[in-house]
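Student: Hey, I've just been handed this structure and I've never looked at it before. Can you walk me through it?

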Amino acid sequence: MIFMAEYAARWDEFEDGIKATEEKDIDPAKDEIEILPILTRYTGFTNSMSKYMDWRDKALSNALPILKNESTSITGSAQKDKWSEYFEKQGQEALKMILGFVPDDDKTPKLRLFAEAMATQESAFFAKLSSIPLAWFQGQIQEYTYQFYTEMNSLEDKWKNLQNMDKAMDSKVKDTSANILRLFKDIVSELVEQERAGEQALINTIKASKLTPGLPLSMKAVLTAVQLILSKAQSFQKSIDDMVNIYMDAYKREETVVILFAQTRNAVREFLQKTNLDSASDEFEETCKNSLDMAKQCKTKGQQEDAVRFVENGIKLIKDFYEDFKKQYEEFVDDNRGIFVGPVGDKAIEEILEKRDMEYSWQEISRFNIQQKLKDIHTDAVRSWHVDINGLTDEQKKEIEDFWRVELEKLGRGLQTIADGSTWDRTKQIFTRNREQLEDKISNSKGGLQ
Amino acid sequence: MSDNLTLDFTKILDETDVKTWIKTDAVTNSFVQNGFRVTWIDWDSDFRNSDLQIEDVIIGYDDVSLEPFLEPGKHGSAIGQHGETTYWQKLALKHGHTITLKVFREGKKEILEISGKLLARRFYYDSEEKRSLGPGGPPNMLRDDFSDAWSGWYEKLVWKMSHILDGGWDHKRINNKKELQEHEEHKKRIDYLQERYLGQFADAVMSDWQKVRNNLLGKEIDVVDLEYREIGAKRVETVKQEAYVAWDKMHSDLEDEMIQAFPTAEVDNRETVEGKIIELPWIGPRNIINDLGQSYAVIGNRTEGFYFVQLSNSASVRKFYDVMYRYQAQVSPNLKERYQYIARITGEPALITYDRRAVTGLMAEIIAARAGDGEFFVDLQNKDKEIKFAGQEKVNQFAPVKIEKDASPVQVIEAMIEAVKLGHEKAWKNLFATWRAYLYWENRVAFDPSYIPRGSFPSAWEQSRRLITDRVYDVRVDKTNTVRRIIKKDEEVGFPDVDEVDVFVDHYELSENEKYRTFLDVNVRRKWTLQRLDEGPWRITTVQVI
């Protein structure tokens with residue numbers, strides 16, 4: 001009998017075995033009438049076994065759709081259970097079926113022994129197939145694929161989240177910088193104005209004294225100008241402090257963003273250490289190898305051949321899932337390269353630290369050179385307030401000289417304090433060293449595949 | 001009195017009409033010993049005076065093997081069978097001839113030799129020469145004040161007593177209480193027999209009746225270790241009280257370090273709460289998420305902020321689960337998947353995907369936790385000592401269900417009973433075979449290596465647990481029979497050596513006198529069959545209720 005079935009290698013063994021057993025069951029000494037029922041039983045058994053072969057072929061073919069199951073909720077262990085249960089059931093069915101083919105009498109005792117052996121071998125054949133890891137891998141690789149898909153979306157969201165956190169902070173910094181510059185300009189123009197007002201008040205006072213000798217010097221307006229300059233300078237100091245605190249807060253937030261970014265990169269690194277293309281590829285190779293090895297461990301050559309063919313067909317199916325994983329994996333890596341995978345790219349650094357904007361802000365602030373401007377105001381005051389005092393009484397001259405000595409010095413000290421204060425150091429540190437540290441932290445963080 | 005009648009009201013008509021006066025059943029498909037199993041010994045058989053017992057298997061007598069009698073169609077003239085007399089007559093043996101039976105008895109290594117006389121058929125009469133069951137009566141056909149004649153009654157009684165004594169508990173799954181009730185109904189007639197027809201027959205009947213009664217009564221024990229029964233409600237209650245006390249104490253001990261958990265500090269201001277301790281709200285499985293291959297408990301919401309507890313790769317979480325599994329083994333396997341943590345804020349921010357959106361929050365490490373409805377609490381802070389759940393010392397400890405590879409069948413069954421008592425489903429499942437060798441046709445055995453009894457587990461487990469916590473107070477191994485090799489190794493075919501053995505267990509229920517007594521009915525299984533492959537570990541072959 002020739003079988004056109006896909007998995008028919010086992011048939012030859014059945015046929016040969018039945019033939020050999022038949023010879024053992026037939027006693028040559030017996031006459032034809034006695035032999036006939038034995039021959040009938042063997043013919044019946046052979047026909048039944050050919051039906052078994054059809055059933056077996058279907059049982060194997062029907063297992064393959066398990067390897068086509070596709071779902072986002074599929075798991076390796078669930079697929080493994082499904083596969084094992086299927087084959088265990090087929091094994092039990094095969095055993096029952098073959099034992100059921102043996103006639104319920106003692107006319108063919110050898111045939112019974114043969115059938116028992118075949119039944120057990122076939123049950124063992126299905127038991128062996130039940131432990132082949134193809135379905136487990138098929139489920140597992142889908143789990144990986146889905147995991148990479150969801151993590152890719154998650155990371156995209158995380159990246160957006162980090163950017164949003166950073167954007168809110170960056171715009172705050174930009175606003176603060178613009179406010180500072182505006183404040184600088186306003187304050188400088190106000191201070192200049194007051195300085196000029198003071199100068200004018202001084203000129204007017206001296207002029208009045210010269211026109212009316214003996215008239216006491218009216219220094220109130222001049223002193224008010226000095227007071228105003230100092231008070232403006234102080235409120236300016238406070239505003240600057242407030243703004244620097246905003247910088248500090250923003251920096252802290254930026255530092256948090258950088259920590260979260262570095263942390264996420266590390267998580268991606270650990271994630272990819274566990275599951276990556278190499279490991280999945282190794283798993284795939286190993287699954288194929290183990291499955292083929294297991295197929296070759298089947299009891300008989302025919303079973304081995306059928307099992308190998310079956311496994312080969314199965315491998316073709318699971319390969320598609322492996323390819324899907326590869327695609328998903330590569331998409332994941334490509335999408336995240338320069339952000340969470342590999343060294344951090346300049347673009348990502350720029351998006352987190354807004355380096356150019358920050359540098360521009362700092363340049364604007366430093367270019368404005370408020371320290372110098374304050375010093376200039378003082379220098380200007382010193383220079384312009386040294387008006388001609390000829391024509392004044394000695395007493396008035398002394399009063400003016402005392403004013404120059406005391407008030408201008410006070411003014412100088414006041415402006416100097418602001419110009420040289422720790423505020424500037426802090427601002428400078430935030431814009432320079434601290435930001436360099438953040439950049440280092442980002443650059444030194446290890447991401448996926450590093 | 002007629003001439004033929006002896007003084008003891010006994011008459012022998014034919015000295016060659018001899019028998020052993022025992023009854024047997026042919027055993028043809030045993031893997032241990034085929035032969036003829038004794039199912040009854042008549043009251044006047046000479047073997048009543050020997051050690052022969054019901055359930056003994058006669059394999060021969062003198063130098064004669066009974067094997068040829070086991071062939072189909074040949075049973076009839078064997079010892080204890082209907083045509084036994086014909087056989088002895090062919091050998092011309094007469095009344096009083098002594099034979100020595102070769103007997104296989106379960107549990108004995110040697111074949112026993114038991115001697116007795118063949119006796120001729122005896123006819124018994126009463127004083128009025130009426131045919132009787134024994135010398136002096138009772139007359140066969142007389143009813144006295146009972147509903148049926150003595151002969152009919154006795155025949156039925158013997159049938160029933162044979163049914164019970166011939167493996168009633170082991171092989172027939174009798175309902176012993178029902179049988180006992182029926183058996184007790186004969187007491188009146190037995191007493192009457194003693195009063196009215198005192199003699200050898202009445203004594204034998206009384207003795208048999210008593211024997212059967214004792215058999216049906218079962219065994220009685222005074223004490224059963226019922227600690228396992230406290231797994232569940234009682235132990236939970238004990239431990240729960242301790243858990244609540246420990247929970248409150250922990251709060252008062254940590255009062256200075258504790259802060260309100262919500263709203264959380266901003267992640268940028270995490271240094272303000274670093275090291276502080278918080279009590280987190282109850283969480284369930286929905287709060288457990290996986291993020292980039294790590295699992296976290298996410299606690300909080302978008303309005304008030306989030307805390308994250310890393311569950312994977314965390315030493316404290318591992319400890320928590322270890323202790324929780326211990327609790328489930330020792331106190332109750334039922335613990336709701338609800339958890340509440342007391343945690344220390346690490347000061348580390350984190351960005352995690354929760355509910356499909358990336359959220360930021362603060363990392364926290366658990367220092368104590370409770371589960372279920374608060375009945376389980378563990379303080380994880382103690383680094384030096386073994387960490388125990390609250391109340392652990394208040395409940396006696398059970399040894400875990402363990403089984404060695406070379407455990408005997410009895411040990412396997414004892415482990416099975418222990419697993420059912422302690423509620424260890426996984427350990428219980430592991431004791432069952434992942435193959436099957438079974439009789440499929442007469443004495444032919446099929447070996448099915450692909451068999452796994454998956455489907456039967458859930459109901460067998462549930463019913464077993466229900467029984468052991470309700471009607472059944474204890475299950476103990478009673479006896480085991482001889483290991484039999486049912487399949488011989490054949491590497492060419494792929495058969496392993498398959499050995500099989502039966503272990504019989506006793507089920508105890510609470511009796512009226514507050515003691516514990518064995519019982520048997522359809523709800524429990526006394527016989528447990530185990531097999532092993534190639535002398536590997538013994539495993540139970542059938543998934544069944546305890």
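This is a predicted model: local features need pLDDT of at least 70, side-chain atom pairs count only at pLDDT 80 or more; totals for chains, interfaces and linings use all residues.

Student: Okay, which domains does chain A have?
Tutor: Chain A is assigned domain 1 (1–131) and domain 2 (147–282 + 330–444); such bounds come from an automatic or database domain assignment. Their C-alpha centres lie 88 Å apart.

Student: And chain B?
Tutor: For chain B the assignment gives domain 1 (18–120), domain 2 (232–394) and domain 3 (409–540). The C-alpha centres of domain 2 and domain 3 of chain B are 42 Å apart.

Student: Back to chain A. How do helix 3 and helix 4 cross?
Tutor: The axes of helix 3 (residues 76–101) and helix 4 (residues 109–130) of chain A come within 8 Å and cross at roughly 170 degrees. That makes helix 3 of chain A roughly antiparallel to helix 4 of chain A. Helices (H or I, at least four residues) and strands (E, at least two) are DSSP runs, numbered from the N terminus. Axes are lines fitted to C-alpha atoms, for helices over the stretch in contact, with angles from 0 to 180 degrees between N-to-C directions. Under 35 degrees counts as roughly parallel, over 145 as roughly antiparallel, 65 to 115 as roughly perpendicular and the rest as oblique.

Student: What kinds of residues meet there?
Tutor: By class, the contact of helix 3 with helix 4 of chain A has 13 nonpolar, 6 polar and 3 charged residues. Ala, Val, Leu, Ile, Met, Phe, Trp, Tyr, Cys and Pro count as nonpolar, Asp, Glu, Lys and Arg as charged, and the others, Gly among them, as polar. Two residues are in contact if their C-beta atoms, placed from the backbone, lie within 7 Å.

Student: What about helix 1 and helix 8 of chain A, how do they cross?
Tutor: The axes of helix 1 (residues 9–25) and helix 8 (residues 301–336) of chain A come within 7 Å, crossing at roughly 165 degrees. So helix 1 of chain A is roughly antiparallel to helix 8 of chain A. Their contact has 1 nonpolar, 2 polar and 5 charged residues.

Student: How many residues does each chain give to the contact between A and B?
Tutor: Chain B gives 26 residues and chain A gives 37 residues. On the side of chain B that touches chain A, strand 17 (339–354), strand 18 (357–371), strand 20 (436–441) and strand 21 (444–448) are the elements that give two or more residues. That side of chain B has 15 nonpolar, 6 polar and 5 charged residues.

Student: Switching topic: which peptide bonds in chain B are cis?
Tutor: One of them runs from Gly137(B) to Pro138(B), with omega near 5 degrees. Pro138(B) sits in the loop between strand 11 (131–132) and helix 2 (150–165) of chain B. The bond from Phe262(B) to Pro263(B) is also cis, with omega near -5 degrees. Pro263(B) is in the loop between helix 7 (233–253) and strand 13 (277–279) of chain B.

Student: And where is Leu449(A)?
Tutor: Leu449(A) is in the segment after helix 13 (422–444) of chain A. Leu449(A) has a positive phi of about 65 degrees although it is not a glycine.

Definitions and conventions
Residues are numbered from 1 along each chain as its sequence is written. Chains are lettered from A and ligands numbered from 1 in the order in which they are written.
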